[in-house]
Amino acid sequence: MGEPILQLRDLRVYYYTLLGAVRAVDGVTMDVGRGEWVSIVGESGSGKSTLALAIMRLVPPPGRIVGGSILFDGTDLTRLSEAEMRRIRGRRIGMVFQDPMASLDPVRRIGDQIADVYLEHGVASSKGEAIRMAGEALEMAGLPRDWVDRYPHQLSGGQRQRALIAAAVALKPELLIADEPTTALDVIVQAKIMDLIEGLKRELGMTVILITHDIALAAERSTRIAVMYAGKLVEYGPVDAIVEDPLHPYTRGLIESAPDLWGEKRLRGIPGYPPDLRRPPSGCRFHPRCPLALERCRSEEPPLVRVGDRLVACFRALERR
Amino acid sequence: MAGLARYVAVRASLIIPTILILYTLVFIILRVIPGNPVEAVLGTRYVPPEVIKEEMHRLGLDKPLYVQYFDYLWRVLHGDFGESLVVRGRPIAADLKYRIPATIELVVAGFIVSVLLGIATGTAAAVRRGSRLDYAMRLYGIVTYTLFIPWVGALLILLFAVHLHWLPAGGRLSASVSLHRITGIYTLDALITGNWPAFLDALRHLVLPAFTLGLVLSGPYTRLVRANLSDVLQSDFIRAYRARGLREGKVLRYALRNALIPVVTYMGLQLAILLGGAVLTETTYSWPGLGSYLYERISLRDYPAIEGTVIVFAFIVSVISLIVDVIYAFIDPRIRY
Amino acid sequence: MSAGRVVEALKAPFRGPGRGLFTAGLAIVLVFVVMAVFAPWIAPYGPTERSVPLQLAAEPQPPSWRHPMGTAQLGYDVFSRVVWGSRVVLYVVTLSAILSMAIGVPLGLVSGYYGGPLDRGLSMVMDSIYAFPGIVLAIAVASVLGPSPTNAAISLSVVYVPTFFRMVRGQTLEVRESLYIEAARALGYPDRVTLLSHILPNVAPTTLVVFGLAATDAILTEAGLAFFGLTVSYPQPDWGLDLRMALKDIPNGVWWTTFFPGLAITLLALGFALIGEGLGERYAIRTER
Ligand SMILES: Nc1ncnc2c1ncn2[C@@H]1O[C@H](COP(=O)(O)OP(=O)(O)OP(=O)(O)O)[C@@H](O)[C@H]1O
Ligand code: SF4
Ligand SMILES: [Mg+2]
């Protein structure tokens with residue numbers, strides 16, 4: 001891992017709902033090195049998307065970044081003005097979302113939507129030039145150049161995701177955040193899209209943050225895996241170490257409940273449900289579901305500590321040091 | 001585009017049953033239900049039966065109903081609405097032809113005002129959803145709809161014509177201004193002939209009626225735009241636009257474009273309500289269109305004139321709904337032809 | 001339905017979202033109802049009584065303590081005419097609401113239940129009427145029936161039957177579909193009684209919301225008919241007609257003869273609109289406007 005491109009420091013993002021503050025991201029600290037592929041995994045509702053949106057400074061109201069910092073290439077994004085932040089979005093950080101069916105404007109041509117990026121960031125000087133560049137971007141994403149004239153409804157889900165990736169990498173960003181880019185697609189298309197992202201990463205020298213709840217998918221191409229539970233980072237380390245020897249009981253549960261190679265669910269899942277993030281459990285947030293929980297886990301919060309080449313937040317994991 | 005052409009053709013052919021149904025409806029109401037229109041007109045004083053009979057014959061009202069039905073339909077399709085009962089020998093078609101452009105001018109202007117007001121208020125509400133401004137705009141949507149047009153008209157005339165003398169209280173053109181009539185839509189005629197004084201004068205006459213009509217009928221747009229736009233603003237593609245660094249102004253523009261598409265389907269219905277509103281607006285502002293014609297002829301009990309006017313209204317409604325549907329097909333690329 | 005459930009149902013609009021709007025609307029409407037019922041006690045003068053000395057009757061007099069809304073031509077007291085006028089308006093609108101519901105609701109049920117050519121034919125006719133500018137239609141009907149409050153009510157119901165028809169038909173179809181899907185699995189087809197017992201509770205709140213909105217429209221259309229002289233004949237009091245008669249005062253800067261009758265029209269319409277809005281919010285019903 002080279003110098004870090006992204007450093008999150010005690011990042012906290014809360015949604016202020018009528019029924020109380022949802023602590024969707026609650027004190028996350030992590031580094032992502034330049035050129036890495038980091039996958040963030042965790043059950044639904046663990047705060048993965050919120051974390052990604054926070055990096056883009058696009059957390060929707062009633063959500064707000066309430067504390068911590070996001071250092072991107074040394075600049076704290078939380079301190080930038082909206083105009084400065086806009087120059088980073090789409091230009092230095094690209095983002096791809098989960099639902100390709102809904103992420104394209106249904107009434108505008110694909111080419112126009114990609115061309116926007118070139119025009120907005122002053123890369124193209126005319127509409128025509130921007131459309132030509134959009135054609136190139138489509139080609140880079142594996143779609144025919146002349147599909148710039150197509151409307152979203154003329155494309156399949158996988159093709160739309162390619163168009164969206166084309167728009168996200170149009171300006172060759174340093175960092176690409178992909179939030180469950182293949183969840184809505186069937187398995188074969190999934191693999192192709194992942195191949196595309198991997199190819200583009202190599203070609204453009206991007207750093208990739210992939211968000212998924214599929215730990216098998218994460219294991220395939222990542223350099224490191226980060227595991228989130230209830231708004232917290234609970235384990236972070238190299239893929240092999242995490243997959244072969246998970247230290248955190250939650251990570252172990254995720255791996256054991258993951259579908260095997262033939263796509264069949266294994267019998268063991270993690271019993272219980274993720275907590276209500278308005279009133280997270282005291283101490284270790286995983287303790288109500290943890291098979292290894294100790295008395296102190298109820299009252300004391302385990303700190304994120306380094307164990308070998310990874311970070312983990314569990315008292316029991318420390319015993320193995 | 002061949003698909004679109006076919007769609008337009010199919011949709012246009014659907015206008016025929018619509019017009020027929022409305023024609024039948026008007027026919028039933030005006031010829032089947034009532035007693036005797038001639039007696040109704042001459043009603044108050046004594047008239048010898050022979051005179052009534054002769055008059056009925058002249059108007060073709062003594063034929064069996066089904067004959068009348070096709071007779072009148074045939075004539076209407078040829079632009080013949082018969083003669084006035086009151087002004088003997090005056091073809092109603094001539095009156096209607098003179099009045100239609102005035103109504104169209106008012107309705108189009110009122111339509112533009114209502115759409116602009118509705119988009120402005122609805123957008124303000126959607127962008128500041130949940131705020132006090134949003135609440136105020138929702139109230140605007142409810143209250144404007146309950147305003148009685150002649151009342152608003154009276155108050156505006158009081159303020160802008162009687163007290164401030166800024167705008168004329170009624171009519172379409174000052175007596176001192178001359179204008180060569182081409183389409184009968186005065187602002188348009190003035191533009192065509194490059195007659196600026198007449199254009200300004202016609203516009204000044206148009207301001208209050210159009211604003212009255214537009215204000216009262218803008219409420220539904222406020223609601224629709226508010227609801228649609230706040231949905232669209234939360235949709236994934238808007239977030240995707242933002243994630244590519246697009247300026248908020250541009251994002252809002254694209255959002256509006258999506259939010260307004262369903263609004264177009266409402267326009268057909270709304271234009272019918274606008275036509276209804278125009279009847280009251282015209283009467284309040286002495287605007288010589290179909291509505292004030294209807295008003296005059298009702299007090300004179302001139303049945304053929306009433307019948308002709310209502311049929312023309314039905315025709316306009318059908319044509320408008322056709323136009324709106326075609327516009328919709330043009331602006332929404334997803335529509336299946 | 002037990003008495004307890006009826007009470008619960010009656011209390012429902014006063015709770016939950018939209019209760020503020022509903023209560024405000026109901027209060028406004030009740031004020032006008034009281035006005036109409038107790039007109040002889042509330043109005044200081046008769047509707048066509050000269051309320052000022054003869055020498056003052058020629059010109060409208062501005063509002064004063066004795067005449068809080070001023071006087072109109074012939075010395076009529078505007079306040080008294082507004083009070084008396086509420087009787088005609090409420091009579092016409094109530095009668096038309098009853099008529100259009102009595103016709104539109106059963107027709108919608110039958111049409112939606114049986115479907116087929118009957119449904120297609122009825123829907124086509126109803127949609128055509130619905131698409132037609134309501135006030136023009138009402139004017140046409142009223143002009144052949146002749147000016148009277150009852151005829152005005154009949155004309156209005158021609159306009160509003162399709163509103164109720166469309167709504168009830170839509171709901172019937174919806175319920176029928178879902179019941180068929182459910183019942184076809186186990187029991188064959190649902191019988192008529194089951195269907196009705198499922199449809200009616202669903203239709204009731206929507207009918208109320210649509211009633212609120214249709215009544216709003218009906219008030220304004222009634223005022224339009226009155227404005228056209230198609231409800232009562234002057235000098236009988238009706239707000240729309242009073243407003244029409246007062247338009248000629250405007251060039252003289254006389255505002256009170258138009259302002260107060262018009263305000264009454266708008267307030268009453270607003271009352272019904274708020275009731276409809278409140279109920280709509282309470283039962284989360286979206287209407288076309
Ligand atoms: N707009 C919002 N308002 C209130 N709470 C929200 C909002 N968006 C998300 N949350 C809450 O924040 C928490 C984290 O949500 P987030 O979408 O970040 O999770 P996730 O890990 O991405 O889940 P998934 O796998 O389902 O995408 C959840 O408890 C969710 O209910
Ligand atoms: S800290 Fe305790 S409760 Fe939390 S994961 Fe470790 S053992 Fe389980
Ligand atoms: Mg997510």
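Guide: A salt bridge is a side-chain nitrogen of Lys or Arg within 4 Å of a carboxyl oxygen of Asp or Glu. The model discussed here is predicted.

Visitor: Which residue of chain B forms a salt bridge with A:Glu120?
Guide: The cut-off for such a pair is 4 Å between nitrogen and oxygen. The closest N and O atoms of the pair in question are 3.5 Å apart. The partner of A:Glu120 is therefore a residue that meets the rule. That partner is B:Lys250.

Visitor: How many salt bridges are counted between chain B and chain A?
Guide: The contact takes 26 residues from chain A and 19 residues from chain B. Among the links between these chains is the pair A:Glu120 and B:Lys250. The count of salt bridges between chain B and chain A is two.

Visitor: Which helix supplies the largest share of the side of chain B that touches chain A?
Guide: Across this interface, nine residue pairs are in polar contact. On the side of chain B, α12 (236-243) and α13 (248-284) each supply at least two residues. The largest share is seven residues, and the helix that supplies it is α12(B).

Visitor: How much area do chain B and chain A bury between them?
Guide: Carbon and sulfur atoms account for 58% of the buried area. The total between chain B and chain A is about 2,100 Å².

Visitor: What percentage of the residues of chain C count as buried?
Guide: Chain C has eleven helices and zero strands. Its accessible surface comes to about 12,500 Å². A residue counts as buried when its relative accessible area is under 20%. Of the 289 residues of chain C, the share that counts as buried is 54%.

Visitor: Is A:Asp10 buried or partly exposed?
Guide: A:Asp10 lies in strand β1 (residues 4-17) of chain A, and its phi is near 50°. Most residues other than glycine have a negative phi. Its relative accessibility is 37%, between the limits of 20% and 50%, so A:Asp10 counts as partly exposed.

Visitor: Is B:His165 buried or exposed?
Guide: B:His165 has a positive phi of about 55° and is found in the loop between α8 (149-163) and α9 (186-192) of chain B. Its relative accessible area is 62%, over the limit of 50%, so B:His165 is exposed.

Visitor: Where does C:Pro235 lie?
Guide: The peptide bond from C:Tyr234 to C:Pro235 is cis, with omega near 10°. Most peptide bonds are trans. C:Pro235 lies in the loop between α9 (192-227) and α10 (239-246) of chain C.

Terms used: Residues are numbered from 1 along each chain as its sequence is written. Chains are lettered from A and ligands numbered from 1 in the order in which they are written. This is a predicted model: local features need pLDDT of at least 70, side-chain atom pairs count only at pLDDT 80 or more; totals for chains, interfaces and linings use all residues. Side-chain values use heavy atoms; hydrogens and water are left out. Contact means heavy atoms within 4.5 Å. Buried area is the accessible area (1.4 Å probe) that two parts lose on being put together, summed over both. A polar contact is a pair of N or O atoms within 3.5 Å; within protein, one must be able to donate a hydrogen and the other to accept it, and residues adjacent in sequence count only if both atoms are side-chain atoms. Helices (H or I, at least four residues) and strands (E, at least two) are DSSP runs, numbered from the N terminus. Buried means under 20% relative accessible area, exposed over 50%, partly exposed in between (1.4 Å probe, protein chains only). Accessible areas come from the Shrake-Rupley method with a 1.4 Å probe; for residues, only the protein chains shown count as cover.
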